[in-house]
Amino acid sequence: MASISLDGIGKSFGRTRVLKRISLDIRDGEFLTLVGPSGCGKSTLLRIIAGLELQDEGSVRIGDRAVDGLPPKARDVAMVFQSYALYPHMTVERNMAVPLVMRRLGALQRMPLLGRLAPGTERMRASIAADVRKVALALGIEPLLARKPGQLSGGQRQRVAVGRAMVRQPAVFLMDEPLSNLDAKLRVSMRAEIKELHAKLGVTFVYVTHDQAEAMTLSDRVALVIDGELVQIAPPQVLYNDPDHVNVAAFVGSPSINLVQATALSEWLASAVRWAGDAGNLDGVTIGFRPERLSICNEGTAGSIAGRIRLVEHLGADRYVHIDIARTERPLIVRTHPHDGPDLAPGATIALQAEPKDMLVFDAAGRRLRKRPCDATEILIARSSA
Ligand SMILES: Nc1ncnc2c1ncn2[C@@H]1O[C@H](COP(=O)(O)OP(=O)(O)OP(=O)(O)O)[C@@H](O)[C@H]1O
Ligand SMILES: [Mg+2]
C-alpha cells in the first residue's frame, strides 16, 4: 500500500505548458479521480506518476520514497489504459501473465525453447499460471483464458486489462478512462465492479475520467484540473455543493448549473444578492443555481420571478424544464419529478423560486463569494414577509 505525493509537477511539450506546478497528496488506499476538459493534462499527470513520462520540474513520491528517475517497473504501480493495450496475438492467459513473466523469469528462462531447459522455469511458469487463474476467477473471466482479445467483447477486454494490472498486486492502480470504450449500460455495471475491486483490494487508485457519474460515484475525492492547473480537490459532494470557482461549478453537474448575471436578477433577488457585491455593485457578479434547487410555483407567489416555459424534456425518472425569464441570455433549466407540480407545457407562464442558501455567488473573476451568507437568508426572509 502507498500514498502518493506530487510536489510542484510541471511539464511542457515544446512551447506548450501542459502542467503548471501541480501539488497533490493522495492518501494510502484513497480513490482519487482526476477530471477536467479534454487536453487539460490528466493523462500526462498519470503517465508522470507511472514513470512513462518525465516531468520538467517537481517531484513524485510513492509511499516513503522519491521515485523520480525510477523506471515504471520499479515504482510498484500498474496502469490500465483506455485502449486496454492487450497483445492481439496472445491468449487472455498469456496477456495476463506478461507482467509476472517479466518480473519473475530471467531473460534465458523467457526464451521459448531454451527457456524450458533452464532450471526452475517449469516451476515458475506453474506458479504464474496459478496466480493468473486466481485473478481470472475473481474477475469472472476464467472461462475466457484460452481466447484471444479479438474474440472478446469490450467489457471482457476491459476485465482482462484490469486483471493484467491486478496480477502484480501493485500498491497503486492508475487507470486512464478504462471504461470509455464501453456502451452506457456496461459502463454502469463495470463502474460498480471497479468500486468493489477498490474496496476489496484497499490499495490506492488514481482514476481519470470524462464521465461525471463515474467521478461522483467512485471517488473519495475528485481533483479538477483546468488548463494544467489544479482548481479544486474535494469529496464529490463538496465539489458539487460548495465549489470554490465558477469553473468548478460549471464543470461538475449534468445538466449544468444555471449561471446568471446578478444584474439580471436584481429585481427578483435584489436584497439577497446585494451582500455579494461590494456596496451593492453587482457588475460582473454571477449567481449559480443547480437545476434541482430551483422550483416552479404559481405566478405571483411572493419572492418568485415570472417565466415562460420554452421546452420540456422527459427523461423517465426526471423532467428538465427550460424556462425563459426576462433579461437573461439563456433559459434556466429546472429539474423536477414527472409527477410533481402542475402539468407543464411549452408556452405556459409560471414562476420560479429559489432559497438564498442554494445560490452560489461568484465575483467578476469567477471566485466564489462566501461573505456572510447568513445575511442573505435574513434579508430575503425579511423581504418576502414584508
Ligand atoms: N507526447 C506529446 N507531445 C506533444 N504534446 C503532447 C504530448 N502528449 C500530450 N500532449 C499535449 O498535452 C496536452 C495534454 O494532454 P493530455 O493527454 O494529458 O490531456 P488529457 O487531459 O488526458 O485529455 P483527454 O481528456 O482528451 O484525454 C494536450 O494539449 C496534448 O495535445
Ligand atoms: Mg487523456
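Colleague: Glutamine 169 sits in the loop between α5 (154-166) and β7 (172-176). How do you know where a helix or strand starts?

Modeller: Helices (H or I, at least four residues) and strands (E, at least two) are DSSP runs, numbered from the N terminus. This is a predicted model, where local features need pLDDT of at least 70 and side-chain atom pairs count only at pLDDT 80 or more, while totals for chains, interfaces and linings use all residues. Residues are numbered from 1 along each chain as written, chains are lettered from A and ligands numbered from 1 in written order, and side-chain values use heavy atoms, with hydrogens and water left out.

Colleague: What makes phenylalanine 31 and phenylalanine 205 a stacked pair?

Modeller: Rings of Phe, Tyr and Trp (its six-membered ring) pair if their centres lie within 6.5 Å; planes under 30 degrees apart count as stacked, over 60 as edge-to-face and the rest as tilted. By this rule there are three aromatic pairs. For phenylalanine 31 and phenylalanine 205 the centres are 5.2 Å apart and the planes at 25°, so the pair is stacked. Phenylalanine 31 is in strand β3 (residues 31-35) and phenylalanine 205 in strand β8 (residues 204-208), so parts 174 residues apart in sequence are tied together.

Colleague: How do you know that glutamate 57 and arginine 17 form a salt bridge?

Modeller: A salt bridge needs a side-chain nitrogen of Lys or Arg within 4 Å of a carboxyl oxygen of Asp or Glu. The closest N and O atoms of glutamate 57 and arginine 17 are 3.4 Å apart, so the pair passes that cut-off. Glutamate 57 in strand β4 (residues 57-62) and arginine 17 in strand β2 (residues 16-26) are 40 residues apart. The whole structure has 18 salt bridges.

Colleague: Which residues does the cis peptide bond join?

Modeller: Serine 254 and proline 255, with omega about -5°. Proline 255 lies in the loop between α9 (246-251) and β11 (258-261).

Colleague: And how far apart are the C-alpha centres of domain 1 and domain 2?

Modeller: They lie 42 Å apart. Domain 1 is 4-241 and domain 2 is 255-385, with bounds from an automatic or database domain assignment.
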